[in-house]
Structures are given as C-alpha cells and as structure tokens.
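I opened this notebook to keep track of what I looked up, entry by entry, with the cut-offs written beside each term.

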Amino acid sequence: MKAVRFFPSSLVGLILLFLAFPIVVVFAVSFSSANYLTFPPPALSLKWYRVYFSAENWLAPTWLSIWVAACTVVLSTFLGTLAALGIARLPRPLKILVSGLVLSPLIVPVIVVSIGVYYAFSKYGLVGKPIALVLAHTSLAVPFVVTSVTATLAGLDPRLEQAALSLGATPRGTFFQVTLPLIRPGVLVGALFAFITSFDELIVALFLSGQGAVTLPRRMWEDLRYAIDPTIAAVSTLTIVFTAVLLGIAHVLRKRAEQNRTMAS
Amino acid sequence: MSELAQSPGRLAPALSMDSRRIVPILLVAPLVIYMVVLYALPVASMLLRSVDEPTWSLDHYRDLMSDTVFFNTLVNTLYTAVIVTFGSLVLGYPVALALVRTKKMAPVILVIVLLPFWTSVLVRSYAWMVLLGRHGLINEALLSSGLIERPLRLLNTPLAVYIGMIHILLPYMILPVANALRQIDPSLARAASGLGSPPWKTFLQVTLPLSVPGVAAGALLVFVLSLGFYITPAMLGGPRDITLSMLIANQVDQLNWAYAACLSAVLLATALIIIVACRRLPGIGNAFKMSAR
C-alpha cells in the first residue's frame, strides 16, 4: 500500500523549516553572550535570562499578564461552559443568533474590538486598570471555550444523561454527576486556550494598558520600539516553552477525553 | 436500545416542557448579556461616531471617497491579503498533503505546524526581525558566503510583511486543506495510478478537485484574518506599508474618533461581506470551527 506522492518530500521539508526556523533562531539568540543580535552566537550564556529574572520592569508585567489571564480563564470558562450547554439545547433560529454573537470575536478584526472597548471603557475611567483587560480579554477568549465545550458535548452519548434521569436522578444531580465529569476535558482545554489567548494578547493591551496595567506583550512591544537586546529573545523563549507546556497538557486531556468516550460507548 | 434513544421525552419525566424551553435560555443568558454589554455595545457605540458627529450625516463616508490616504491604505490592505492568501496556499498545500499521506512523520509535522500557531504573533514577528534585519541572520550568511557585498534591505519592506504574515497564517490554510484531503477516499488515487495515470495527472485530476472545499475554506480564513493585521506590518513593514488597522490605531491616537470609526466600519464591512458572499461555498461552515483552533 504505497501512498501516492506528488510533492517531493524535500519541498515539504523546506516549508516546515520555514515554519520552525524563526522559533529556533529566537531560542539560539536568547542563549547568546553578545549584546546585540548576531548569529551564530559568539558564546553561550544565560545572562539575558539573568537580566530578565532580576528586572522588576520585566517581572511585574509578567505577573500582571498571568493574573489577567487567570481572571480571564475563570470568567470566560464559567460563562462559556454554561452557554455551550445552553446553545446545544436551543431551538434552531435562536441557536444561530446566539452562536453568531458569541463566536463573532473570531472574525471581527481585533483592532475594531480594541478601540470599541477603549472608547466605552475610557468614559468610566477603566483605562490603565487590570479589570479592563480582563473584561475585554474575556470577550476574545469566550469563542475558544464555547467551541471546545460544544465539540465535547457533540461527542457525548445522550443516552447517558437519559439513563440517569430515567433511573430517578434529579436534573441537577445528572448535571453534576454525569454531564460535568464527561465534558470536563473539553472545559479544561477551553480554559487553557482562554489562558493563552489572554496571555499573548497585545492589541487590546495597547489601548487599555495605559500606564497602570502594562502586560508582558505590551512591555515587549515597548522594548522592540526602542532598544532591541536579546532580553526579549529570552522572554520570547520562556513564553514559547510555557505555551508548549500548556498545549502538551491540552493534548493529554484531549486524549483522555477520547478514551473516556470509547469506554463509555 | 435504539427505541430508547429515539424517545428522550418519555425518559425525562423530571423535566417538564416549560423548563426544557427555559433552562437553555437561562444558561446562555449570562454570556449573551456579557457579550452585548461589554463587547457589542462598545463596538456599536464607537461605530456610531462615524455618523453622528457633529450631527447625523454620512459626510464622513462621503469624504472617504476622495481621501487618497484611505484609498491607498485600503488597496494596500487588500493587495497584501491577496498575496498572503496565495502564498499560504502555495506553501500550505504540500504540507497538508504530507500531513495526511504520511503515517510516521504526521505527528512531527503536526507539532511543527501547531507550535508556531500558538506562539504569539508578537514573538513570531520579532523572530523575523532577527532573521531579516540589516545585521540579521540572512544578511550575515549572504555576506560571509561572498554572495553580496553590502547588506540587503530586507526588513521594513513589503516582502518582510508578506513573509511574516504567511508564516503566521499558514496553519489556517494547512488545517482546513488537510481536513478536506483526509476525507478523500485514498483508493481513488490508487485506482487512478493503478490504471496507469502518472502521479501529476492523478494529483491534478483526482486529488486537487476533491480538495477544493478545504482550499476555499482555508483561503477565506486566511484572507479575512489578514485584513485585520496590525502588529506584523507595524513591526516588519516600512513607513509606507500601512494597513487599515494601523491607520485606525493612528487616528485613535490623534483622537480623531469620527474618522477612526469610519475606517473601522469599512474594515468590518469588508470582512463581513466577504464571509457572507462565500458562505454558500462548500466547507465554509467547517472553516470557522477550524479558526477556533
């Protein structure tokens, strides 16, 4: 059973190199001992990591980003999971309307959302406050939670809920003891995606951060405008590794969800 | 068992007809209220600035017609989107095919496609600054190999913007195309080659036509997403490579809200018109599930 090949694998290899190489270069530059961007690095060094971990003006934005992302996760996962459960049971015209509203941040250009919330929030003095970032990031993160939970719900065997109900379980008991444990992997994957969405978000932060709520991407952006030193490569490497770990967790959770499903059926 | 599955109503005595209609609405209500108050209304009230300043009129839109800055920016945004979509298709299709057709390498390819996908746009644009800069890796390599004598101007050019945007949007092309290719019965291509068709002919007459829904979905997704790009062109482009998003941000900085709102309405309308126009194409429904990654 030989697969029919059309494109030579060297071509595919080159395109994959195009995808992966920039990230490899950022890794390499972050371990350089040189004070400017040069490649290959003259010697290996951890000094840019030392700079990062000893600079309050890098660490404070990092903690703020983690804090904002964590609050975004709580808010968007709660609202998004409830909504996904509801959307699955809505009559069709309402379902299209609600999912259109909820998923639209995927299509509406982020700049339009950003200046919209900036326009509205500045009237209430929210610019420069972390809460403004949480409120705006939640709108952007909600579609990921809703799609992730909806996908898990679609794979759910409806007979499991029916069986619980017919055996005398209350709707509330059925939800907490049958539905929720079954959709938990989808909820957790949605939560991870929400975290990454907020943690990496820059355009909203450009307008809402002000002076008081500078997030890590905002701090990196300012750094890139004025001085390019390899500290930013070290920060980038750390965020890439951090994201990769979160994605690894999401992958394991998905695998587990698939296993649950095959066991259940 | 099948009879049970077909009559869920009889099996749910705990839920009356009324509560089955009300419960879903109660479940979606908090999010719908949240999205209306904190997302839809802010955007709508901002957009209204384009027609009610100083009094109700469409003057700002009429002014756009003769505004060369706007016109050039719009053309540049659309032109960039076309090039990026085309580039993503050319580079993405072979990868999608490899992803579907190879067994051993597929997980490796998937990781290489997905890791950049989830790396922030800012970090990836920065990576291209490192590569394309005056003293960047590409210039240093070309200089030391003696191919060039002076560093090439690569950064702050339209080419840098295209490369950076294709790098960022490539996965949005690869994943829908791979999805479409996966649904093609592999025995079709084997039958064609078994009957003596050369690989290129099998590809052009069997595989490619059957993958059109995936290509349409991927192209729509890449095109619409590239219309809104801001960070990458700002970092990699030159002073003349302005996109609509950059012009909008610039106008907000100057507190020119009516003009910024006008431009936002144009950008939003362009994206929505393209999606609505394409919604009947096969595979589009899946595209927006894909965009949720």
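**Entry 1: chain A overall.** Residues are numbered from 1 along each chain as its sequence is written, and chains are lettered from A and ligands numbered from 1 in the order in which they are written.

Chain A has eleven helices and zero strands; I take both as DSSP runs numbered from the N terminus, helices being H or I of at least four residues and strands E of at least two. The C-alpha atoms of chain A fill a box of roughly 70 × 65 × 35 Å along the principal axes. Of the contacts in chain A with a separation of 6 or more, 76% are between residues 24 or more positions apart, a contact being two residues whose C-beta atoms, placed from the backbone, lie within 7 Å.

Entry 2: I counted 16 helices and zero strands in chain B, and 44% of its 293 residues are buried. For contacts in chain B between residues at least 6 apart in sequence, 74% join residues at least 24 apart. The mean pLDDT of chain B is 86, with 89% of its residues at 70 or more; pLDDT is the predictor's confidence in each residue, from 0 to 100. Over residues 1-13 of chain B the pLDDT is below 50, and this stretch has twelve contacts in the model beyond near neighbours in sequence. Where pLDDT is low, the predicted coordinates should not be read in detail.

**Entry 3: where the chains meet.** I found 75 residues of chain A in contact with 80 residues of chain B. On the chain A side, helix 1 (residues 9-30) gives the most, with twelve residues. The chain A side divides into 59 nonpolar, twelve polar and four charged residues, with Ala, Val, Leu, Ile, Met, Phe, Trp, Tyr, Cys and Pro counted as nonpolar, Asp, Glu, Lys and Arg as charged, and the others, Gly among them, as polar.

**Entry 4: the core.** Which residues have the most contacts inside the largest nonpolar core? They are I115(A), L208(A), A96(B), L169(B) and I174(B), in a core of 157 residues; such a core is a set of buried Ala, Val, Leu, Ile, Met, Phe, Trp, Tyr and Cys residues joined through C-beta atoms within 7 Å. Helix 9 (residues 158-182) of chain B supplies the largest share of this core, 17 residues. Leaving out residues up to four places away in sequence, I115(A) touches F207(A), M46(B), I248(B), V252(B), A260(B) and S264(B).

**Entry 5: helices one by one.** I115(A) is among the buried residues of helix 5 of chain A, and because twelve of the 14 residues of that helix are buried, it is largely enclosed by the rest of the structure. G125(A), which follows helix 5 of chain A, has a positive phi near 65 degrees.

In helix 7 of chain B, twelve of the twelve residues are buried, so this helix too is largely enclosed by the rest of the structure; R124(B) is one of them.

In helix 11 of chain B, T202(B), F203(B), V206(B) and T207(B) are buried. Seen down the axis, they fall within an arc of 125 degrees, so they line one face of the helix; the arc is that of the directions from the helix axis to the C-beta atoms. The face turned away from the buried side carries the exposed residues W200(B) and P209(B), and what covers the buried residues includes helix 10 (186-194) of chain B.

**Entry 6: one residue.** I looked up T243(A), which is found in helix 11 (residues 231-264) of chain A. T243(A) counts as buried because it has 21 C-beta neighbours inside 10 Å. Not counting residues up to four places away in sequence, T243(A) touches I196(A), W118(B) and T119(B).

Terms used:
This is a predicted model: local features need pLDDT of at least 70, side-chain atom pairs count only at pLDDT 80 or more; totals for chains, interfaces and linings use all residues. A residue is buried if 20 or more other C-beta atoms lie within 10 Å of its own, exposed if 12 or fewer, and partly exposed in between; C-beta atoms are placed from the backbone.
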